[in-house]
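Q: I would like to go through this model with you, one topic at a time. Could we start with a strand pairing?

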There are 4 protein chains.
Amino acid sequence: MTTKIGIINVTGYAGSEIARILHNHPDVEISSITGRSSAGKKIGEVYPHLSDINLNISDEISGDPDVIFSALPHAASAEKIQQLINDKVKIIDISADFRLKNIDVWESTYNIKHPCPENINKSIYGLPEIYKKEIKNTNLVANPGCFPTGAILANAPLIKEKIVEPTIINDSKTGISGAGRTSKLEFGYSEINENSTAYGLSGHRHQPEIEQELNNFSNKQKVKVTFVPHLIPMTRGILGTNYSMLIKNIHQKEIMDLYRDFYRESPFVKISEVPPTTKQTWGNNNCIIYPHVNQQNGIVVVITALDNLVKGAAGAAVQNMNIMLNIPEETGLEQLAIYP
Amino acid sequence: MTTKIGIINVTGYAGSEIARILHNHPDVEISSITGRSSAGKKIGEVYPHLSDINLNISDEISGDPDVIFSALPHAASAEKIQQLINDKVKIIDISADFRLKNIDVWESTYNIKHPCPENINKSIYGLPEIYKKEIKNTNLVANPGCFPTGAILANAPLIKEKIVEPTIINDSKTGISGAGRTSKLEFGYSEINENSTAYGLSGHRHQPEIEQELNNFSNKQKVKVTFVPHLIPMTRGILGTNYSMLIKNIHQKEIMDLYRDFYRESPFVKISEVPPTTKQTWGNNNCIIYPHVNQQNGIVVVITALDNLVKGAAGAAVQNMNIMLNIPEETGLEQLAIYP
Amino acid sequence: MTTKIGIINVTGYAGSEIARILHNHPDVEISSITGRSSAGKKIGEVYPHLSDINLNISDEISGDPDVIFSALPHAASAEKIQQLINDKVKIIDISADFRLKNIDVWESTYNIKHPCPENINKSIYGLPEIYKKEIKNTNLVANPGCFPTGAILANAPLIKEKIVEPTIINDSKTGISGAGRTSKLEFGYSEINENSTAYGLSGHRHQPEIEQELNNFSNKQKVKVTFVPHLIPMTRGILGTNYSMLIKNIHQKEIMDLYRDFYRESPFVKISEVPPTTKQTWGNNNCIIYPHVNQQNGIVVVITALDNLVKGAAGAAVQNMNIMLNIPEETGLEQLAIYP
Amino acid sequence: MTTKIGIINVTGYAGSEIARILHNHPDVEISSITGRSSAGKKIGEVYPHLSDINLNISDEISGDPDVIFSALPHAASAEKIQQLINDKVKIIDISADFRLKNIDVWESTYNIKHPCPENINKSIYGLPEIYKKEIKNTNLVANPGCFPTGAILANAPLIKEKIVEPTIINDSKTGISGAGRTSKLEFGYSEINENSTAYGLSGHRHQPEIEQELNNFSNKQKVKVTFVPHLIPMTRGILGTNYSMLIKNIHQKEIMDLYRDFYRESPFVKISEVPPTTKQTWGNNNCIIYPHVNQQNGIVVVITALDNLVKGAAGAAVQNMNIMLNIPEETGLEQLAIYP
């Protein structure tokens, strides 16, 4: 029997991307979709590229799906999930609501009271490269943020093996779709094209998420992350450049081996011998990692490339679903990147 | 004594572009600027690239400028101009309010009652390549629309010399800044990048403007214009491709001569022997025209390139100001296009 | 038994796109790939996004594939095909070598002697929307050009039903990948970004191809096509705007019905009620058509959108392969467009 | 009497940009231009946007210009300069040939023997914000590299005041025009658009240049720079993000004051209170700096934005010329950035 899927807030970029991917997934069927302002419309009216998906957008999820993806904004998502959660349904939350395990950190980061803190501990942080076993056994996955996905995958091997000081710089360059489907003036084409800028210097919401996860790999010292995101004029893609100080003598070959070994059971992590380009991941679920030892300066530079809407959001969510459903992790995600 | 300038609604793209150009104009000084929602701010707070202009944005024009540019939306512009108009001030209206001489056409096109129809006949259509003498003697100029500028300059010589059927197709490709400084979702970077589309097929407001002006060159037959604008992913520039049917046998050399002759006193119109690129006009006031006779099919194709914010708006406005002030037409507009 | 595929010149954009699509095709397996200057390399060394395809690039096709795609340039392609052609292999030629049925037109258009004119008549013009039956029964398909695909699909219903004068204007706007994987200065990023231009006004090679195919729908009068391609700053996509003069009174509803009927057995042609955007087809095999009657001017405007590398090249080639192999036309081409 | 200018290799992006800027400079006149493969052509044939400059491209500089700009590649530039250098002519070298004072470092960096090492010590590193007095008194200026301009201006105040460890990370994001007017496949539009990547991780030629200049501000400890440039999809602009470790307790206000004070006589350096965008400098000579203290992590992040072809090349060269000619530094460089 085909697994039935519900998607809450299908009308954002993450939600529509989940619909796009699942439409060609062999083992599931989208049965119910919701959208806040577009209820009553066919999905093809909102997203013409999804016209082949013959579904109407509703106010509420119906028909008891086996798996529900929530692509609502933070707080709204937890509130809705609290209504839907039960023993039978598997829920994957794209929002940030269950990512931070420390409720105080969450509340000060998102500047709002958490709607259902009791579910935080039931949830698993949905980075399959680290928590595959736990994801298989949970009913509530907190899908990682787009920046943290790259930052954690880049630095976990270094921190775990105590190769670097636990003081990480992550300089990320993101395409604009990361801002979501928004009508803000600052994301208008004329403002973004031929332009780039840094933002979030006084503190970005993804920083505690990166620190929380890297801390799990650090024995004693707390990991400090200086995270500076940059907007660059492209639609999709995050290029992350990570800097940390060597505390061990290590050669390029050894570091390549370390990364290959660390990710040997992670089909979507590719270790590259040259700096990756974001376009190599355009539309697919890979995260490509290139670690580079600069022995002269005692620094390791780790470059990551991924598609913020796929491995950084919808693709990771489908990967989590596959693991929760106990089907091969790659199912429905085999599509190669589109190039050029 | 320096001429004092007021700019109404300096916070749109056309208004800020007038400020940018006039800042380096040797004969004038911006003395008063207004903006609807930004009153009280320095202009550099809204537009950091204009930080060197040391002016505050006000609610209302003050200090009796000698020349006022209005960059308000249609209807709002005419209303404001009615308050300011008098014998001493020269007004250049960037909006569409005084472009159409037939009040009924204006009202059905813009779907609103005209706030001051009595001023329509006092105004001159500000295309200096056609109305230089009249512009010199008026106090109210209706600055042309961006698409009409290219379409009229492309077709006027052909209609005047009765070389083609007065049935014109204008297929225009425009950068996104033509939509103004807007926060609409459809002009977001993620929507526009790697995308293009046609719009306005059921009737664009610039069509009657093109027809009105081309009709002035047609003796008997009314000119019919099929105008199809297209959005393409760039910030600035309009590329216009005009098609019309030959009714006279004419050779490429003759048509080149015709255009050169027609525009011999128009310093900003360049006749090119190859198809122009929009980037050749990026940031400057030129309109480049390439007419091409296709004798096999009995068709003339005329290509135009211009910067929609300069020759299509702010540059033309300054050119009109220069003519009204009786100073050389090119003053302050000598800047070459920026390339690449 | 799985069908074995050979791809000649896999290193161009069309060739690599065929590889990308076939990698996920359920019924075939790529067994042999060639590339002129990259022989000896793994395909992932040339195209990192194809690293999952575990194949080396050879000098020559080997292993007797069941189907061969040739993505060589014109003339070189026909020469190679002549060596490979036999009763057992099905060949799909992406080049222009077998598209024009009149050898004189071909030779004057491509300005070279045709290497094997005897094969021209064996070949079928591979536009499945028109020649599905013939494609099923041939061993040599001439895959259509990217511009002709849109222009023919847009105008065939109008010409066939004698609704318009057979004098067509096709104003096409293409992304840069249509120029192929080339190192020409003029296609450099700094030259193309924020730029657009017309080209080919003295005659583009795709014009006789469009005329040949539309002539098949015209009883007496020869169809004349004025074809003006334009480069616009995007990688993929062709937006075509077609203009022709009505000779019959027809309403919008009737024309919509005509197109829907004409293409009712063409799964990849979608008739739209609004102007399509190229991004709706980004990475997939659809051609979206919007016909619009302008009764005031007696003109029909037909807009088409397609991905030049998919429906305009590699996708159409796979569609032809499916038909030749007698498997469902859509197999392996179900992927939705990627948006945003 | 007007100063006469020669430009060697006007056909590259830096050379043409010098021509563009000088065309509107009130005190000088371009009298002789050369270009390697375009000799004999008018400059407007190579660069249509420069059609108003009525000059032919020659093989050699003629007419004894007062100032010569060389925009030749490295090594070729020094060789040509050696032929032209004398007591009367002022030379500004855009190439890297005289930037590094240590000949061994130069030769190992550029991997070629220096054509005229004897001139290295006569030359001044042309960063007016640091060497204004020396530039005024030299006849040979080594115009700084585009990346070093931002990196040096960002870090000099911190190193000089011993506020940070002399171990600097510079993560730079550059537009593609920095690669020059090149026909390399990898800089093609289809390769660059919707893409970004890091490069030069094993050592970029600008690194020793940055270190040399920052070392002049460091008392004892040698400055180590980890420099990672990134290509991002835009034509113009460099965004630099600099990271260094605080060794002094300093507050945001103090650091703002430090920068304002350090650059109080540098008209083209603007200290910003928010992160700058590259577009704020599009086409003009400003370098905008935003220093940000992250006290929690003990890090200073300094962001710089500049136009790589203006402040990063041609604009700086004209600024140097003005200083050498003893005319106001800003002459001919007053043009505001073009936005949007």
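Q: Which residue is the bridge partner of Asn170(C) in S11(C)?
A: The partner is Asn242(C). Please bear in mind that this is a predicted model.

Q: In which sense do S8(C) and S11(C) pair, and over how many bridges?
A: S8(C) and S11(C) pair in the antiparallel sense, and the pairing extends over 6 bridges.

Q: What is the strand order in the open sheet of chain C with mixed pairing?
A: The order is S9-S10-S8-S11-S14-S13-S12, a total of 7 strands. S9 and strand S12 (269-271) of chain C are the edge strands, each pairing on one side only.

Q: Switching to contacts between chains. How many residues of chain C are in contact with chain B?
A: On the side of chain C there are 38 residues, and they are in contact with 38 residues of chain B.

Q: Which elements of chain C give two or more residues to that side?
A: They are strand S8 (167-174), helix H7 (189-192), strand S9 (197-198), strand S10 (224-231), strand S11 (238-245), strand S13 (287-294) and strand S14 (299-306) of chain C. The largest share comes from S10(C), with 4 residues. By class, the side of chain C that touches chain B has 17 nonpolar, 14 polar and 7 charged residues.

Q: Why do these copies meet through the same surface?
A: Because 100% of the interface residues of chain C are also interface residues in chain B.

Q: What about chain B against chain A, how many residues are in contact?
A: There, 15 residues of chain B are in contact with 15 residues of chain A. The side of chain B that touches chain A divides into 5 nonpolar, 7 polar and 3 charged residues. Here 100% of the interface residues of chain B are also interface residues in chain A, so these copies meet through the same surface. Chain B can be laid on chain A by a turn of 180° and a shift of 0.0 Å along the axis, with an RMSD of 0.0 Å.

Q: On to chain A by itself. How many helices and strands are there?
A: Chain A has 10 helices and 14 strands. The radius of gyration of chain A is 19 Å, close to the 20 Å that the globule rule gives for 340 residues, so chain A is as compact as a globular protein of that length. Along the principal axes, the C-alpha atoms of chain A fill a box of roughly 60 × 45 × 40 Å.

Q: Into which domains is chain A divided?
A: Chain A is divided into domain 1 (3-143 + 311-324) and domain 2 (146-308). Their C-alpha centres lie 24 Å apart. The contact takes 19 residues from domain 1 and 25 residues from domain 2 of chain A.

Q: Last one: what unit do S4(A), helix H3 and S5(A) make?
A: S4(A), helix H3 (residues 76-84) and S5(A) make a right-handed β-α-β unit. Strand S4 (residues 67-70) and strand S5 (residues 90-93) of chain A pair in the parallel sense over 4 bridges, and Val67(A) has Lys90(A) as its bridge partner in S5(A).

Notes. Residues numbered from 1 in each chain as written. Chains lettered and ligands numbered in written order. Predicted model: local features only at pLDDT ≥ 70, side-chain atom pairs only at ≥ 80, totals over all residues. Contact = placed C-beta atoms within 7 Å. Nonpolar A, V, L, I, M, F, W, Y, C, P; charged D, E, K, R; others polar. Domains from an automatic or database assignment. Pairing = 2+ DSSP bridges. Right-handed = clockwise from strand over helix to strand, strands pointing away. Rg over C-alpha atoms; globule rule 2.2 N^0.38 Å. Least-squares fit on C-alpha atoms with pLDDT ≥ 70 in both.
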